[in-house]
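Please view the two together before reading the points below.

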Amino acid sequence: MTLKQALRVAARESKAVRRSLIDKLEQLAASKSQAITTVPALPENYISALEALLESKKSEAALVLVNKEQAAEIHDLKSLFKEGMTPTQFCKMLNGVNTQKVNGWLAERNWLHNESQSGIRWRATSYARDRYLTEHQHLISVHGSDDFIKHQPVLLRKGAERIHDLYRRGKVPMKLNWNGDFTHQKHVSLAS
């Protein structure tokens, strides 16, 4: 059946059918006109063409720089993170981080909580568990006393990625004498 034949059949039907058919055709025509994309305007002269080319090259260079930074960050993270590390052990691998404040900082971020009333026994919070952290359990046997289980928060890869991201943005507690470098590499000068 062609469009003409469909319109002839619809014209014989009731006013409601004709009205709905007309509405549907208008909707199709409107969506078809929106689907047509416009061709970008050509530059008016040689100078504006060169300016457009310069802008596109600048944005391309910026994207290349961002890609290099992301590749370096991924490489850094792969070389730093090992399965089973605690957050403090991971942060020891990051230059300038004040590792004595890491667990307190993670407690402020709702990753850890202190379950002890008298001392400090860090546990993963329900918010961070299985998202950023997990826990390893160790059975501790003390001579002349009951055995007990010690829980140790352990970093997951996503948690390491998040800490590394916050580190690169300067949101991790840093040492006061930090030199601003994000690497531990030291320059060694050879004696002549």
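The structure is a predicted model. The chain holds 6 helices and 4 strands, and 22% of its 192 residues count as buried. The largest pocket has a volume of about 240 Å³.

**Overall fold**

- Read from the N terminus, the elements follow the order α-α-α-α-α-β-β-β-β-α.
- Of the contacts between residues at least 6 apart in sequence, 46% join residues at least 24 apart.
- The chain exposes about 14900 Å², and carbon and sulfur atoms supply 55% of that area.

**The largest pocket**

- The lining of the largest pocket comprises 15 residues. Those nearest the centre of the pocket are Trp122, Lys150, His151, Gln152 and Pro153.
- Two or more lining residues come from each of helix 4 (87–92), strand 2 (122–124) and strand 4 (148–155).
- Strand 4 gives the largest share of the lining, with 6 residues.
- By residue class, the lining divides into 6 nonpolar, 5 polar and 4 charged residues.

**Aromatic pairs**

- The model contains 3 aromatic pairs. One of them joins Phe81 and Phe90 in an edge-to-face arrangement, with 6.4 Å from centre to centre and 70° between the planes.
- This pair counts as edge-to-face because the angle between the planes, 70°, is over the cut-off of 60 degrees.
- Both partners are buried: Phe81 has a relative accessible area of 4%, and Phe90 has a relative accessibility of 0%.
- Ring pairs also link Trp111, Tyr127 and Tyr132 into a cluster.

**Thr88 in helix 4**

- Thr88 belongs to helix 4, an element that contributes two or more residues to the lining of the largest pocket.
- With a relative accessible area of 18%, Thr88 counts as buried because the value is under 20%.
- Leaving out residues up to four places away in sequence, Thr88 touches Thr99, Val102 and Asn103.

**The loop between strand 2 and strand 3**

- Arg129 is located in the loop between strand 2 and strand 3 (133–140), and Asp130 has its place in that loop as well.
- Arg129 is partly exposed, at a relative accessible area of 33%, whereas Asp130 is exposed, at 62% relative accessibility.
- Apart from neighbours within four places in sequence, Arg129 is in contact with Ala124 and Glu135.
- Arg129 and Gly159 are separated by 30 residues in sequence and by 9.9 Å in space, from C-alpha to C-alpha.

**Positive phi values**

- Most residues other than glycine have a negative phi.
- Asp130 has a positive phi, near 70°.
- Asn110 likewise has a positive phi, near 70°. Asn110 is placed in the loop between helix 5 (102–108) and strand 1 (112–114).
- Asn110 is partly exposed, with a relative accessible area of 40%.

Conventions
Residues numbered from 1 in each chain as written. Predicted model: local features only at pLDDT ≥ 70, side-chain atom pairs only at ≥ 80, totals over all residues. Heavy atoms only, no water. Phe/Tyr/Trp six-rings, centres within 6.5 Å; stacked < 30°, edge-to-face > 60°. Buried < 20%, exposed > 50% of the residue type's maximum accessible area, 1.4 Å probe, protein only. 1 Å grid on protein atoms, 1.4 Å probe; cavity = no way out; pocket = protein on both sides within 12 Å on 5 of 7 lines; lining within 4 Å. Points joined across faces, edges and corners; volume = space filled by probe spheres on them. Nonpolar A, V, L, I, M, F, W, Y, C, P; charged D, E, K, R; others polar. Contact = heavy atoms within 4.5 Å. Areas by Shrake-Rupley, 256 points an atom, 1.4 Å probe, with all protein chains shown as cover.
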